[in-house]
Amino acid sequence: MKITEELCVRIRQRYLLVLMSMIGLMLTTLNSLTFSLLLGKLMYKKRDRRWDEIVCPPVVTLDHHPTGYEEFDWGKEMQLYIIAAWSVGYVMGRFPSGLLANKLGGKSLYGYSVFITGVCALLTPLCARSSPYIIMANRVCSGIFASALYPCLAWFAAHWFPRREMGFMISLTLAGFPLGCMVTFPFSHKMYKICNKWASVYYAMGGMTTVWAYLWQAYIWDDPFIHPYISRGELEFLTDEIYMYAYDTELQPGWKWPWKSILTSRALFTLAVAEIGYSWIRNFATIVLPNLYFPDIHNHDFINNQTLGMLVYAMMALALLAAGVTRDKLISNRRFNATNIIKTYYGTGCVLSSICLLFLIYSKCNLTTVFIWYIAAMIFIGIGYSAWIDACVALAPNFAPTNIAITGVFGNVGMPLQVLIESHLSSNGSLEDWKLLTYINAAFALFPMVVFLKYGTCNIQRWNAPIQKTWHAIDYEKPEGEKSKKPGTNQDLGDVKEAEKPVQEMQKRNDNLATPSSQTRTVEIQARRSSELINKSEIQI
């Protein structure tokens, strides 16, 4: 144990946090996608299509042959409901999980959420063999807990990620999603073939998730000032580089949500509108096209093609990381501010990906050209993938999880409906139907983005550090002509200009953040954390 502690001291704890968060997101992605991948192999009946019904002749015949593992005879409609059940749970859990992350911190909520999705994976074979409705409930539960990951990541970004490394660290963490998709293809098929039982895939995932949860609980902490293994140099660096520590704008015990300011914030509203457009085109590219367009039009089983699937998501991950590194360099060189970069990334993710998907549809039966345009669309989607968390942290670091909860509800509420409605509209399997669908999805993506580009901003908001109301005892023994303070007046609430100073200082902040008082601030914050922990322990006793 002593050797482990000495090794932890030598590691920069913010990088360990990013690595563990990325692995947790990978495991959750594995747990959510694997059932969709194996579903076709577990069906006795697959939708039969006559050769004269196939729009494009397949390059390789992909007729369904019995594999010996078929157990279920669910119809296509029931399969769609099972797949969409995870999205329903994801939407249901988004808002409450964001509020919990803001109130309780990110460590425990993130760890338990990933662990419970692993438990749901372990129970998947039993639930599937019991009833389609039980497996549907299992996937709803998994989606509810998976919805807590992004609010927790916003919490970590606000408390752990320095300004100069914000883009890279957010991108590396979010790379867990495309890397999880990339690993899902070979992992599920190899386990499926080696163990000769499809249930072994879920047992392996449950075991990996349990090991991860133990390591997460042992070596990850909510913020740097209560971490037992962090070095003094890294702690002082984070004190200077992170906004809430540098300007001492952390929320004090007993704080309350400034709901009126949050819900009437134009900046947050325009960000929610932008997330609607980006989520719509992303879901169309990552869910609808692989599951409906490629099988119906090209008779190509895209989601079970290991090579193509790995290539698509590898390119998305590389684009995501490149965008994060570029963001940090532009911020450090003071060539662009955060608002301009986030707008550029969001616009790229929506506009250019929509254009690529239109070219994809008009490529008709040229499968090579179709794949090229699809990979290009996924690259542009990867560029815009990190803009959401970056914007939520930039608007209000103290309420970043709450911002994720509010904007995420708007962005994800249409996900299950989108899958069901577009599967119904494309049921005829004609290219003309898909052209119409692509135009509709492009319009849904572009109109919200125009609103965000024109009216959106990512400057820090005044309600990030709400003014605390203080009450003073009235001194009745003052001289007759001297006025005493009255509780609840503007004198007690503090000078408004004083409250706005951190906002103005943040805009003028440059690279030379280190000040002679950094050590003093570090000691003060550590003392405050110690007193808070002591108070909590006394309350529990």
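Ala, Val, Leu, Ile, Met, Phe, Trp, Tyr, Cys and Pro count as nonpolar, Asp, Glu, Lys and Arg as charged, and the others, Gly among them, as polar. The model shown here is predicted, so local features need pLDDT of at least 70 and side-chain atom pairs count only at pLDDT 80 or more, while totals for chains, interfaces and linings use all residues. Residues are numbered from 1 along each chain as its sequence is written, and side-chain values use heavy atoms, with hydrogens and water left out.

View 1. Helices (H or I, at least four residues) and strands (E, at least two) are DSSP runs, numbered from the N terminus. Of the 541 residues, 54% count as buried; buried means under 20% relative accessible area, exposed over 50%, and partly exposed in between (1.4 Å probe, protein chains only).

**View 2. The largest nonpolar core holds 132 residues.** Such a core is a set of buried Ala, Val, Leu, Ile, Met, Phe, Trp, Tyr and Cys residues joined through side-chain atoms within 4.5 Å. Look for Tyr-110, Tyr-150, Tyr-293, Tyr-346, Ile-389 and Trp-434, which touch the most other members. Helix H13 (residues 266-297) gives the largest share, 14 residues. Domain 1 (1-44 + 73-225) and domain 2 (261-466) both give residues to this core, so it lies between them; the domain bounds come from an automatic or database domain assignment.

**View 3. Tyr-293 and its contacts.** Contact means heavy atoms within 4.5 Å. Not counting residues up to four places away in sequence, Tyr-293 touches Val-288, His-298, Leu-360, Ile-361, Lys-364, Val-370, Leu-431 and Trp-434.

**View 4. The second largest cavity has a volume of about 70 Å³.** On a 1 Å grid over the protein atoms alone, a cavity is a set of points where a 1.4 Å probe fits but cannot get out, and lining residues have an atom within 4 Å of a point. Grid points are joined across faces, edges and corners, and a volume is the space filled by probe spheres set on the points. The lining has 13 residues, with Asn-31, Thr-124, Asn-138, Arg-139 and Ser-142 nearest the centre. Helices H2 (13-38), H4 (107-130) and H5 (132-146) each give two or more residues to this lining, which divides into 6 nonpolar, 6 polar and 1 charged.

**View 5. Thr-124 sits in helix H4.** With 5% relative accessibility, Thr-124 counts as buried. Apart from neighbours within four places in sequence, Thr-124 is in contact with Phe-35, Ile-135, Asn-138 and Tyr-202.

Technical notes:
On a 1 Å grid over the protein atoms alone, a cavity is a set of points where a 1.4 Å probe fits but cannot get out, and a pocket is an open set with protein on both sides within 12 Å along at least five of seven lines; lining residues have an atom within 4 Å of a point.
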